[in-house]
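Take a look at the structure below. Follow the chain slowly before you read on.

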Amino acid sequence: MARFLKGIHGAYSGKVGSVIGSSWRGVDYVRSLSKISNKKASEGQIAQRAKFAMAVAFLSPIMDLLNLGYSDKLQGKATGYNKALQYLMNNGGVTGTYPTLEIDYSKIVIAKGSLSNLMAPEWSEPFPQEIALTWAPELNKYNSFADDSVILLMYNKNKNFFSILESSTRAAANLSFTLPASYAGDVLEGWVFTGHRDGVKTSPSFHLGELTIS
């Protein structure tokens, strides 16, 4: 992949012959189309492709959130989605032996940045379908601000469905909400991170673990 400068008519985007032009964060790139191979894939290659496909299928629905989660300037030019995918693949995020594969949810990182994450976050179900996320409201003037947004991602493993909530701040020390009755008996995975008022800086995400709804 090559980076290129805009000409008199600006940068191009799309396919021209065997070349594809694209742009991300104001940086323009050009790359050639991959060549088609007639060579039969090995068992290892098939297994790796299956792992990659599973990782892509899981992360694709939250692409916009991942791009936000990795929007901190410290993260460079790659998309947040690509960084999250790379981390998942490089850190054993897809486990098992092909064709029996599964996602290790603890290896999913949905955000990474210079803000401080929440201190001691925990989630629970104090009443049926009533979820409470709590944390210690530790503040400082460098990377932990009272008005930092708290962003919660939930994944319903039974329904294969993501939910995103952003209705609290670091200083509030809690986030409470009610789930639909249809969630009874379902198992959720959760992640949380914080976002700065500038819409760019974020914290690393924290995996809250599994929660079974009564």
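The paragraphs below go from the whole chain to a group of rings.

This is a predicted model: local features need pLDDT of at least 70, side-chain atom pairs count only at pLDDT 80 or more, and totals for chains, interfaces and linings use all residues. Residues are numbered from 1 along each chain as its sequence is written, and side-chain values use heavy atoms, with hydrogens and water left out.

Start with the whole chain. It holds three helices and 13 strands. Helices (H or I, at least four residues) and strands (E, at least two) are DSSP runs, numbered from the N terminus. Of the 214 residues, 41% are buried. Buried means under 20% relative accessible area, exposed over 50%, and partly exposed in between (1.4 Å probe, protein chains only). Contacts here mean heavy atoms within 4.5 Å. Among contacts between residues at least 6 apart in sequence, 63% join residues at least 24 apart.

Now find the sheet. Four strands form an open sheet in the order β10-β9-β12-β13, with antiparallel pairing. Two strands pair if DSSP finds at least two bridges between them. The edge strands, β10 (161-169) and β13 (206-212), each pair on one side only. Strand β9 (residues 149-156) is joined to β10 by seven bridges.

Next come the rings. A pair of aromatic rings is described by the distance of the centres and the angle of the planes. Rings of Phe, Tyr and Trp (its six-membered ring) pair if their centres lie within 6.5 Å; planes under 30 degrees apart count as stacked, over 60 as edge-to-face and the rest as tilted. The count comes to six aromatic pairs. Phenylalanine 58 and tyrosine 155 have ring centres 4.9 Å apart and planes at 80°, so this pair is edge-to-face. Phenylalanine 58 lies in helix α1 and tyrosine 155 in strand β9, so the pair ties together parts that are 97 residues apart in sequence. Both residues are buried.

How do the rings of tyrosine 105 and tyrosine 155 sit? Their centres are 6.0 Å apart and their planes at 35°, so the pair is tilted. Tyrosine 105 lies in the loop between β6 (100-103) and β7 (119-127), so its pair with tyrosine 155 in strand β9 ties together parts that are 50 residues apart in sequence. Tyrosine 105 is buried, with a relative accessible area of 16%. For tyrosine 155, also buried, the value is 6%. Phe58, Tyr105, Tyr155, Phe162 and Trp191 form one aromatic cluster.
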